[in-house]
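Thanks for coming, everyone. Let me put the structure up, and then we'll walk through it piece by piece.

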Amino acid sequence: MSGNGKVYILGVGPGDYKLMTLKAAECIGKSDVIIYDRLVNSKVLKLAKDDAELIYVGKMPDCHAVPQDGINEILVSKAKEGKTVARVKGGDPFMFGRGGEEAEALYESGIEFEIVPGVTSAISVPAYAGIPVTHRDFCSSLHIVTGHEKPGRESSFIDYGVLSRLEGTLIFLMGVKNLQEICSNLIKHGKDKDTPVAVIANGTTLAQKTVSGTLETISGVVAEVGIKSPAVTVIGEVVGLREKLKWYQGGRLAGKRVVVTRSREQASKLAERINELGGETVELPTIKITGPQSYQEVDRTLDNLKNYQWLVFTSINGVEYFFRRMRERKLDIRSLCGIKLCAVGEATEAKLNEIGLSVDYVPERFTTSDLLEGLMERIMPGEKVLLARADIASKELSEGLGNRGVEFEDLTVYRTQLESMEKEEILRQLERKEVDYITFTSSSTVKNFVSIIGKENMNRVCGVKTVCIGPVTLRTAQEAGFAAAVMADVYTVEGLINKLVEISEG
């Protein structure tokens, strides 16, 4: 094993990433390579190091991104490069997860490995649906069966004669495609055709859906409702307890998947509000916020603040990075004495209020024309304006001031850089029509989103509703090809949320 790395084969539970163990999170965070499956929640991947290599090897029915032999080869080769590898699986790696096969391959190649158990969907998914897999009044045993055996096997390992005589709860995993055959075989071998059955799709996620029936009727119910994999099938009298025990309820955005495109630092508030309303968020940070490449101009300006009569902030980021540099330079906030403040947006105003500064002007509408008009009514002849903005800020404001004879300085206090860590996962979800909405909070998030996924893939967003925070962002989205774009009535994060709810319920 000398010179080789180590492989962690770990389960992160079913869809709800909060079911992941601390041990699994620790292993992901210290690994150089993350090899993950289709059912792994994208939030799990955010635990990876910034420079970690992400390799998708997910499987769909009749479509494997990488065959099992290929996965084994990747595990071995990456470990032989001396890297620490996390093999990330939904559920538990040894519960129909092929973890045993992968561990064998590592053993035979002399690679050190460690198994980190996970919460199996066989128990957690029924629990989220309000179905206890055991109950003293109904059963005293649990039997977990694969609904999809290894292809090419001459004879089945599943003995329906034995299963049909059992009084315990039967759990079938990965059995949607073969549900009719499973139910028919159980009835054929003596199981009561009226035995209760529940099928739970996308269990433990905000898109969870449960349908009920009997052995005789459930396959028809599943077909009618359109239940697809992944799903767990529960057979037994415990299914009848669901009406009493169901607890996992959806909100006004229940079952909706929303792509959040803000910077990694800012996405949490928007994502949290969407989650609170029952929606599932997929965070695609299209921009990374950093300081300017050089602080020479910023420092020169900070040393001469007395030359300015107006200081304009067009975003929270501008406020954050402007005052961060003041703190780093140990400059007294009282050096702003006599300077009037303008903030674009309620959130930007609130950020200044947190520092203890009152804002002199906030435009009613957050458009460049409204901002210019309002400033021109307030700026006195001879007054100089300082714009504290991003490197890619629109020139419309600065050109408007210049054309009106106002002396100004356009100061870059922060930069926005392209970020694309989750590109492949987003493309897969768009291809499978699993995304309901995309949110944009600035023109830069629109442009960077298109850059990340590639113009050649824009056909995948056809039909996906896009919600923009304001008119400038909306115009950018429409020009980029987002035909189904709409705009928030109030140009704030809360306004964006309200528009999401409105169109989802409309």
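Start with helix α1, residues 22-29. Its buried residues are Ala24, Cys27 and Ile28. Buried means under 20% relative accessible area, exposed means over 50%, and partly exposed is in between, with a 1.4 Å probe and protein chains only. Helices here are DSSP runs of H or I, at least four residues, and strands are runs of E, at least two, numbered from the N terminus. Seen down the axis of α1, the buried residues fall within an arc of 100°, so they line one face of the helix. That arc is taken from the directions from the helix axis to the C-beta atoms.

A word on the source. This is a predicted model, where local features need pLDDT of at least 70 and side-chain atom pairs count only at pLDDT 80 or more, while totals for chains, interfaces and linings use all residues. Residues are numbered from 1 along each chain as its sequence is written, and side-chain values use heavy atoms, leaving out hydrogens and water.

What do the buried residues of α1 pack against? The partners are β1 (6-11), β2 (33-36), α2 (42-45), β6 (84-89) and β7 (112-116). Contact means heavy atoms within 4.5 Å.

Next, the cores. A nonpolar core is a set of buried Ala, Val, Leu, Ile, Met, Phe, Trp, Tyr and Cys residues joined through side-chain atoms within 4.5 Å. The largest one has 25 residues. Those with the most contacts inside it are Leu311, Phe313, Phe322, Phe323, Leu336 and Leu352. Helix α12 (316-328) is one of the elements that supply at least two residues of this core. Now take Leu311.

Now a helix pair. The axes of α7 (179-188) and α8 (218-225) come within 9 Å and cross at roughly 165°. Axes are lines fitted to C-alpha atoms, for helices over the stretch in contact, with angles from 0 to 180 degrees between N-to-C directions. The two helices are therefore roughly antiparallel, the word for angles over 145 degrees. Leu179, Gln180 and Cys183 of α7 meet Ile218, Ser219 and Val222 of α8.

Last, the whole protein. It comes to 19 helices and 22 strands. Buried residues make up 52% of its 506 residues. The C-alpha trace spans about 95 × 60 × 45 Å along its principal axes.

Conventions
Parallel < 35°, antiparallel > 145°, perpendicular 65-115°, else oblique.
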